[in-house]
Amino acid sequence: MKKVVLLSVVILILGCASHKKTNKLASEINCDRSFYFAYDERSDFEDFQYEGLPTYGDSKFPDFKRSFIKSIDELDEDTEMSLQFVESNMLPSISSTFVRVRIEDIRIIAGISSGVLEVDLLYQMEGEKIYLTGKSKMHLAFTKKGSLYKALKNGHYLFISSICSR
């Protein structure tokens, strides 16, 4: 019994590793820009696609917009930049970057004891489109809601780091 509990704890710790890595990398970003993220309402029409081994159980279906807002808020806490969710297309200032984000596809790729939730994202700025895939590793027990916001947060980190490294 002790071995089962120990194995479960190790697997759960490893499952948090990808999210912790995103947090650590995000805290190291050095960028002078402010980012304003708007949620594209067309994202609400996406559905979870399943690949790989069958999954068992079913978690509550997340509110995509709330998961999106949570991912922005948490990434803002992890960085020293200004990241905000906005409802409109209005730019607060010239020195800020406005981006509209649309969820284009959501996949759960399940293995024997782990899986990955991948979210294909389209970042649209004035005259530019950037396609990225945010990922969140999952082990044993996971929820769609928890994994979705972590994958969104990972996608936002990838976007910000690509913009700031230019």
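User: How are angles between helix axes classed, and which class applies to H2 and H3 in this predicted model?

Analyst: Angles under 35 degrees count as roughly parallel, over 145 as roughly antiparallel, 65 to 115 as roughly perpendicular, and the rest as oblique. In general, two packed helices are described by the angle between their axes and the distance between the axes. Here, helix H2 (residues 64–78) packs against helix H3 (residues 144–164) at about 55°, and their axes lie 8 Å apart. H2 and H3 are therefore oblique to each other. The crossing in which H2 passes H3 is right-handed.

User: Which residues make the contact between H2 and H3?

Analyst: From H2 the contact includes Phe64, Phe68, Ile72 and Leu75, and from H3 it includes Leu148, Tyr149, Leu152 and Ile160. By class, nine residues of the contact are nonpolar, three are polar and five are charged.

User: How many disulfides does the structure hold, and which cysteines are joined?

Analyst: A disulfide is a covalent bond between the sulfur atoms of two cysteines. The structure holds one disulfide, joining cysteine 31 to cysteine 164 with an S to S distance of 2.0 Å. Cysteine 31 lies in the loop between helix H1 (2–27) and strand E1 (34–39), whereas cysteine 164 lies in helix H3, so the pair ties together parts that are 133 residues apart in sequence.

User: What is the handedness of the disulfide, and is cysteine 31 buried or exposed?

Analyst: The torsion about the S-S bond is about -85°, so the disulfide is left-handed. Cysteine 31 has 13% relative accessibility and therefore counts as buried, while cysteine 164, at 21%, counts as partly exposed. The cut-off for buried is under 20%.

Notes:
Residues are numbered from 1 along each chain as its sequence is written. This is a predicted model: local features need pLDDT of at least 70, side-chain atom pairs count only at pLDDT 80 or more; totals for chains, interfaces and linings use all residues. Side-chain values use heavy atoms; hydrogens and water are left out. Axes are lines fitted to C-alpha atoms, for helices over the stretch in contact, and angles run from 0 to 180 degrees between N-to-C directions. Helices (H or I, at least four residues) and strands (E, at least two) are DSSP runs, numbered from the N terminus. A crossing is left-handed if the near helix is turned anticlockwise from the far one by less than a right angle, and right-handed if clockwise. Contact means heavy atoms within 4.5 Å. Ala, Val, Leu, Ile, Met, Phe, Trp, Tyr, Cys and Pro count as nonpolar, Asp, Glu, Lys and Arg as charged, and the others, Gly among them, as polar. A disulfide is a pair of cysteine sulfur atoms within 2.5 Å. Buried means under 20% relative accessible area, exposed over 50%, partly exposed in between (1.4 Å probe, protein chains only).
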